[in-house]
Amino acid sequence: LTDNPSLKKAEAMKAAKKLLAAAKKALTEVNQRTNAYEAEKQRLTEASEKPGVKGLRAKAQFAALDSSKLKDDLNYALIRAQAAVRIATKKYGGSYTPPPKGSPG
């Protein structure tokens with residue numbers, strides 16, 4: 001077999017595109033989970049304004065959700081997924097625009 005540099009380059013580009021696509025997919029999944037978390041927080045915030053037992057229950061659920069490990073896990077996963085996309089983009093080219101600061105995804 002002969003060593004064909006253009007063939008090696010094509011294989012490397014294919015692997016790079018696959019890596020970048022996987023990183024972007026992971027970021028999309030984390031963003032979906034984060035959006036679901038934020039939607040639940042919003043629902044509980046609105047429900048906690050109701051009078052009586054329903055409002056108190058929503059306040060308790062919100063406090064439990066806000067103090068849960070889920071929030072930290074989502075932040076960790078988001079940072080890791082964004083980093084993976086940035087690394088793959090920097091290493092192999094492509095485009096990545098980070099979300100605005102303060103947005104969930």
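In the predicted model, helix 1 packs against helix 2 with their axes 8 Å apart. Helix 1 covers residues 5-47, and helix 2 covers residues 52-66. The angle between them is about 150°. Angles over 145 degrees count as roughly antiparallel, so helix 1 is roughly antiparallel to helix 2. The crossing of helix 1 past helix 2 is left-handed.

Helix 1 contributes Tyr37, Glu40, Lys41, Arg43, Leu44, Thr45 and Ala47. Helix 2 contributes Lys54, Gly55, Ala58, Gln61, Phe62, Leu65 and Asp66. The structure holds three of them. One joins glutamate 40 to arginine 43, with the closest N and O atoms 2.8 Å apart. Both residues belong to helix 1, where they lie three residues apart. That spacing means that about one helical turn separates glutamate 40 from arginine 43. Both also take part in the contact with helix 2, listed as Glu40 and Arg43. Glutamate 40 has a relative accessibility of 30% and therefore counts as partly exposed. Arginine 43, at 44% relative accessibility, is also classed as partly exposed.

Another salt bridge links lysine 71 with aspartate 66. Here the closest N and O atoms are 3.4 Å apart. Aspartate 66 lies in helix 2 and is among the residues that meet helix 1. Its relative accessible area is 30%, so aspartate 66 is partly exposed. Lysine 71 is partly exposed as well, at 31% relative accessibility.

Aspartate 73 counts as partly exposed, at 32% relative accessibility. Lysine 69 has a relative accessible area of 59%. The cut-off for exposed is over 50%, so lysine 69 is exposed.

How values were computed
Residues are numbered from 1 along each chain as its sequence is written. This is a predicted model: local features need pLDDT of at least 70, side-chain atom pairs count only at pLDDT 80 or more; totals for chains, interfaces and linings use all residues. Side-chain values use heavy atoms; hydrogens and water are left out. Axes are lines fitted to C-alpha atoms, for helices over the stretch in contact, and angles run from 0 to 180 degrees between N-to-C directions. Helices (H or I, at least four residues) and strands (E, at least two) are DSSP runs, numbered from the N terminus. Angles under 35 degrees count as roughly parallel, over 145 as roughly antiparallel, 65 to 115 as roughly perpendicular and the rest as oblique. A crossing is left-handed if the near helix is turned anticlockwise from the far one by less than a right angle, and right-handed if clockwise. Contact means heavy atoms within 4.5 Å. A salt bridge is a side-chain nitrogen of Lys or Arg within 4 Å of a carboxyl oxygen of Asp or Glu. Buried means under 20% relative accessible area, exposed over 50%, partly exposed in between (1.4 Å probe, protein chains only).
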